[in-house]
Amino acid sequence: MGQGDQLPERGEPCVRLCAGGGTGGLRGGPAGGAHEAVSQRAEVVLCCRHHHRDPPAHPSAQLPGAEEGAEAPSDPDRRDRDGGGFHHCSSDRGGGFCAYADITLAIKFLFERVEGISRATIVDLDAHQGNGHERDFMGDQRVYIMDVYNRHIYPGDRFAKQAIRRKVELEWGTEDDEYLGKVERNLERALQEHPPDVMVYNAGTDILEGDRLGGLSVSPQGIVKRDELVFRVARGRRVPILMVTSGGYQKRTARIIADSILNLFDLGLIGPKPPSTSAQDSDTCLLSQEVP
């Protein structure tokens with residue numbers, strides 16, 4: 001991180017993706033065995049301290065540095081959250097409560113600044129179509145997009161759908177078994193069709209039953225299982241993964257995100273490697289334990 005970058009506050013969970021020659025670099029790409037040592041260290045840190053549980057009153061509240069609650073309703077449970085995954089914003093315009101294109105920026109940074117990173121996969125499991133990054137990477141063969149979404153809701157961007165290489169359109173009220181089965185089958189096929197150097201996982205919780213904007217009916221346990229499934233598949237193929245938490249519009253979504261991250265940690269899918277594991281085998285999605 002640069003000198004001007006801010007670290008999360010003490011105790012805040014953080015999903016961290018590191019690239020470089022040190023411990024926990026982006027290694028073990030599926031296309032050609034282990035990557036050569038990367039000459040330049042890069043780090044992308046996305047914090048899951050808060051999650052936007054209801055739409056903000058004004059998009060400026062999503063910009064970095066905005067004071068919590070600024071331009072937002074007085075109820076503290078109805079403020080914007082900053083878990084990332086602003087997938088309706090493209091490089092030239094905002095949309096859908098999204099003011100900056102963080103997924104696009106992260107991938108472009110890795111392509112331009114990190115040696116050995118030239119192929120990426122976006123796995124967008126928010127309930128809404130991710131039309132922002134789809135517009136940004138239209139025609140870019142380096143980026144494979146898998147998008148699983150409710151076909152009947154915002155944004156219905158037909159032009160952007162042309163960029164989706166694995167499209168899974170869901171009906172109203174889709175429940176756990178159908179949802180998880182479709183995610184697993186299509187994720188396996190996506191990684192076979194386009195073995196990436198890095199995956200960006202947009203882990204929206206607006207698929208939760210009762211979410212009025214998502215319109216699906218996945219249980220809290222189903223969301224925890226979904227995240228576990230994605231991480232197991234990625235780790236099985238030695239693909240580094242960057243997770244952002246995206247949409248979710250109920251008060252209980254924050255608890256579900258925390259439960260999911262703890263589950264991933266308990267299963268060893270994120271977090272420090274055990275002492276018996278070589279640093280050379282690290283495929284790195286870290287739940288930071290080092291925040292001062």
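Helices here are DSSP runs of H or I with at least four residues, strands are runs of E with at least two, and both are numbered from the N terminus. Keep those labels handy, and remember that the model on your screen is predicted.

**Stop 1**

Start by selecting Y154 and P155. The peptide bond that runs from Y154 to P155 is cis, and its omega is near 5°. Where is P155? You will find P155 in the loop between β4 and α3 (158-161).

**Stop 1**

Zoom in on β3 (residues 120-124), which pairs with β4 in the parallel sense over 5 bridges. To see one of these up close, pick A120, whose bridge partner in β4 is V143.

**Stop 2: helix α5 and what follows**

Select residues 220-236. This is α5, a helix of 17 residues that reaches 24 Å from its first C-alpha to its last, close to the 24 Å expected. Is α5 enclosed or open? Of its 17 residues, 13 are buried, so the rest of the structure largely encloses α5.

Step past the end of α5 to R238, in the loop between α5 and β7. The phi of R238 is near 60°, a positive value in a residue other than glycine. R238 counts as partly exposed, at 29% relative accessibility. Then carry on to S246, in the loop between β7 and α6. S246 also has a positive phi, near 55°, but its relative accessibility is 1%, which counts as buried.

**Stop 3**

Centre the view on Y201. Leaving aside residues up to four places away in sequence, Y201 touches residues including V123, L125, R226, V230, F231 and M243.

**Stop 4: aromatic pairs**

How many aromatic pairs does a search of the whole structure find? There are 2. For one of them, select F86 and Y100: their ring centres are 4.9 Å apart and their planes meet at 70°, so the pair is edge-to-face. Both residues sit in the loop between β2 (42-47) and α1 (102-113), 14 residues apart. F86 is buried, with a relative accessible area of 2%, while Y100 is partly exposed at 25%.

Finish with Y201 and F231. Their ring centres are 6.4 Å apart and their planes lie at 75°, so this pair is edge-to-face. Y201 in strand β6 and F231 in helix α5 are 30 residues apart, and the pair links these distant parts of the chain. Both Y201 and F231 are buried.

Methods: Residues are numbered from 1 along each chain as its sequence is written. This is a predicted model: local features need pLDDT of at least 70, side-chain atom pairs count only at pLDDT 80 or more; totals for chains, interfaces and linings use all residues. Side-chain values use heavy atoms; hydrogens and water are left out. The expected span of a helix is 1.5 Å times one less than its number of residues. Buried means under 20% relative accessible area, exposed over 50%, partly exposed in between (1.4 Å probe, protein chains only). Contact means heavy atoms within 4.5 Å. Rings of Phe, Tyr and Trp (its six-membered ring) pair if their centres lie within 6.5 Å; planes under 30 degrees apart count as stacked, over 60 as edge-to-face and the rest as tilted. Two strands pair if DSSP finds at least two bridges between them.
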